Amino acid sequence: MRRIGARVAGSAVALPGPRALAPPAIGAWLAGGLRREAEQRRLFPWLAVAFGTGILVYFAAVDGTPVLAAPLAGAALAAAPIPFLGARPAALALTLAVAAGFLGFAAATWRVSQVAAPILSRTTIGPLTGMIEALDEREVGARLIVRVETFAGLAPDLRPAGVRVSFRKAPALRPGDVIAATARLLPPPEAARPGGYDFARDAYFQGIGAVGSLVGAVRIATPPVPPPLRLRLAAMLDEARNALTRRIAQAEGGQAGAVAAALVTGKRGLIGPATNDALRAAGIYHVVSISGLHMVLAAGVVFWLVRAALALIPHCALVWPIKKIAAGFAMLGVTAYCAFSGWDIAAERSLIMTLIMLGAILVDRPALSMRNLALAALIALAREPEGLLGPSFQMSFGAVAGLIACARLIDGRLFVRPGAGRIGRIVGTGLSAVTGTLATTLVAQIATAPFATYHFQTIQPFGLIGNALTLPLVSLVVMPSAVIGILAYPFALDRPVWWLMGQAVGGMLAISEWIAGFERATLVLPAFGTGALGLLTAGLLLATLPVSRLRWLALPPLLVGLGLAALPERYDLYVDRQGAGAAVRGPDGRLAALGNPSGFVLEQWLKADGDGRTPVQRSRPSAGGRCDRLGCTAILPDGRAVALVRDRRAFPEDCARAAVLITGLAAPPTCTGPLVIDRRFLASHGAVALRAGPGGFAIQGARTDDRTVPWRPHALPGLPVAARTGTDPPAEASRGMAATEDDPPGANPAPGDAPAAPLQ
């Protein structure tokens with residue numbers, strides 16, 4: 001890659017592309033910018049962008065199962081001309097990008113084939129036996145990850161390999177136990193709305209083929225054969241994490257103890273909803289999630305301790321490369337910490353980035369550079385390509401890219417004057433620390449704002465204050481205490497350390513609750529589409545990756561993306577994937593619940609509409625809205641009626657008067673008047689959203705197409721073309737959507753932890 005960069009730098013003056021396609025002044029400007037980029041070797045980070053583009057193509061367009069040899073052959077063919085393109089740098093750069101794109105597609109293909117496992121196709125109740133791989137204690141009960149041995153008599157090709165189940169009255173269970181119980185399992189839930197968080201996709205890559213709950217008694221059984229070594233080791237590690245979590249939580253008690261335990265072990269089940277809300281409102285929930293901040297601070301503490309200890313020995317300080325030795329110990333320490341904290345996706349990506357920065361010290365390279373960030377992104381995406389679609393990857397790498405690009409602007413040495421006295425140095429150092437913290441937080445918030453708003457529809461205006469007040473506590477007290485406490489834990493001398501850590505966490509929570517009490521501490525913004533997100537992402541890349549004036553190219557996509565994000569198209573009607581509930585826009589312009597949607601689903605609808613009310617605060621439809629045992633009705637602002645049918649006896653009347661009929665049952669073939677959204681429709685489209693128009697309804701499903709993807713149960717035949725284009729379906733279409741009767745779908749399963757908060 002260094003030779004390629006040199007070739008590009010040496011011949012960039014003769015770049016034919018920009019000058020041939022643009023006016024002379026613009027061509028010269030572009031050529032000059034590209035020349036500087038090549039000289040600074042800043043073309044390498046774009047290979048990570050091309051690699052990610054290939055991954056996006058896979059997840060956005062693949063229909064079926066691609067052959068791994070195809071993208072590998074494409075990459076080989078694209079890379080074949082590279083040795084002959086030394087005199088044509090534009091063609092060389094394009095060829096490298098195409099090859100990287102093919103490799104990204106191949107990485108996604110390989111990853112999907114490696115995690116392939118059966119997914120439960122429908123709600124099933126039956127006996128379950130399996131080994132507890134992980135156990136998360138909650139405020140009430142527990143949540144288990146069980147590796148399934150048998151379930152409801154299903155054959156191995158139909159039985160999920162792993163399931164996530166909750167149990168409200170948790171017995172004395174431990175990771176590694178083999179249990180036998182009755183379980184009610186459902187397929188992992190898909191997105192609650194079009195464009196929303198798809199838990200089913202994440203569950204597939206985590207090896208979870210069903211979710212649900214245990215009912216009745218749970219019995220600890222004897223395994224017929226010893227579990228695999230990998231599972232036994234994972235269970236032992238999880239049990240050790242649970243034991244330390246309980247010890248830390250009990251040392252301080254209350255929510256301060258629960259948060260302190262989560263900061264060390266990554267176990268967040270003991271944190272109450274009110275505390276989570278306060279941390280999010282203050283913009284510091286990223287502190288709780290094991291991610292980049294924890295890895296950097298943990299590595300920094302180990303690095304400082306080892307280097308300081310060696311510096312106290314004159315011989316070591318004079319002869320040994322103590323900085324490199326400290327970096328090596330920091331690499332070992334941070335890897336052990338990542339393993340102990342659960343080795344989840346966010347922590348793993350942060351570990352990779354931290355190891356690369358520490359490795360740069362070993363080879364006498366700058367620790368924090370855009371090349372290192374790009375290398376970390378390539379490694380992380382090669383291991384887990386699906387992470388590119390989630391907020392954790394997007395926000396963590398976006399924040400670091402922004403910080404590297406603005407490093408000179410947030411340099412803390414601005415206030416340190418050469419030759420200043422002791423007081424001047426102290427004051428300058430203090431001002432530099434405060435300014436650096438504020439500037440770092442501001443840059444990180446700006447860089448992560450597009451992804452946070454897209455995934456969570458919320459922003460925290462006072463997050464700058466929250467981070468400025470709490471990060472010193474975290475950096476100076478909490479994380480050093482965590483490292484010292486872990487070292488003292490094997491000697492049973494750790495309890496005073498956890499108490500001290502709990503005091504600092506208590507101060508952090510007090511600050512969070514104070515900020516959460518501010519008016520408009522959390523602003524809810526309407527959801528915008530992937531087009532706006534793509535433009536904002538392109539603008540962020542163009543603003544951070546170049547070192548030349550080519551950064552000005554970021555302005556057009558940023559401005560257009562902001563314009564699209566500021567003008568979202570709201571829906572007038574949401575329907576959940578089970579047909580049990582809906583949200584209808586009332587005459588006051590706000591959504592109101594119809595039927596019985598789950599609290600989580602309703603909250604997602606309200607946030608997507610830019611409505612900050614909680615599900616408890618929702619109002620019922622006021623214009624003709626009413627419910628009885630047979631169903632519910634409501635009136636849209638344009639006067640058209642919406643009916644939700646619970647009982648078949650309501651079909652004759654509602655089919656005659658409603659413009660939209662919603663039901664979790666199979667609508668009869670004679671129901672030809674309204675737009676029918678019944679169980680067959682929902683089975684093929686998932687949750688749907690409708691926008692009322694003069695000629696009918698524009699329909700958008702969570703399943704935006706009929707593609708076959710491995711994390712989705714096979715869809716039933718799709719909706720006729722007439723309905724897809726936004727017009728009411730003809731009578732033949734309504735009759736075609738009627739399904740044979742069988743058990744009605746159950747209530748919406750709890751989708752688990754949605755993406756929680758900004759991660760840095």
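Tutor: Start with helix 10 (residues 273-281) and helix 19 (residues 495-516), which pack at an angle of about 75° with their axes 8 Å apart. Axes here are lines fitted to C-alpha atoms, for helices over the stretch in contact, and angles run from 0 to 180 degrees between N-to-C directions. Helix 10 is therefore roughly perpendicular to helix 19 (65 to 115 degrees; under 35 is roughly parallel, over 145 roughly antiparallel, the rest oblique). Helix 10 brings T275, A278, L279 and A281 to the contact, and helix 19 brings L509, S512, E513, I515 and A516. Contact means heavy atoms within 4.5 Å. Sorted by class, this contact holds six nonpolar, two polar and one charged residues. Ala, Val, Leu, Ile, Met, Phe, Trp, Tyr, Cys and Pro count as nonpolar, Asp, Glu, Lys and Arg as charged, and the others, Gly among them, as polar.

A word on the basis. This is a predicted model, where local features need pLDDT of at least 70, side-chain atom pairs count only at pLDDT 80 or more, and totals for chains, interfaces and linings use all residues. Residues are numbered from 1 along each chain as its sequence is written, and side-chain values use heavy atoms, with hydrogens and water left out.

Now the covalent links. The chain has two disulfides, each a pair of cysteine sulfur atoms within 2.5 Å. C627 is joined to C632, S to S 2.0 Å. The S-S torsion of C627 and C632 is about 115°, so this disulfide is right-handed. C627 is partly exposed at 44% relative accessibility, whereas C632 is buried at 1%. Buried means under 20% relative accessible area, exposed over 50%, partly exposed in between (1.4 Å probe, protein chains only).

C655 is joined to C671, also with S to S 2.0 Å. This link is left-handed, with -105° about the S-S bond. It ties distant parts of the chain, 16 residues apart: C655 sits in helix 23 (residues 651-657), and C671 in the loop between strand 14 (660-663) and strand 15 (675-677). C655 is buried at 11% relative accessible area. C671 is buried at 1%. Counting bonded cysteines along the chain, the pattern is 1-2, 3-4.

Two further cysteines are worth a look. C338 is buried, with a relative accessible area of 0%. C406 is partly exposed at 22%.

Next, R159. This residue lies in the loop between strand 2 (142-151) and strand 3 (162-167). R159 counts as buried at 18% relative accessibility. Leaving out residues up to four places away in sequence, R159 touches P118, V148, E149, T150, F151 and L154. From R159 to V148 is eleven residues in sequence and 8.0 Å in space, C-alpha to C-alpha.

Finally, the whole chain. There are 26 helices and 17 strands; these are DSSP runs numbered from the N terminus, with helices H or I of at least four residues and strands E of at least two. Of the 760 residues, 49% are buried. Among contacts between residues at least 6 apart in sequence, 66% join residues at least 24 apart. The accessible surface is about 34400 Å², and 64% of that belongs to carbon and sulfur atoms. Accessible areas come from the Shrake-Rupley method with a 1.4 Å probe; for residues, only the protein chains shown count as cover.
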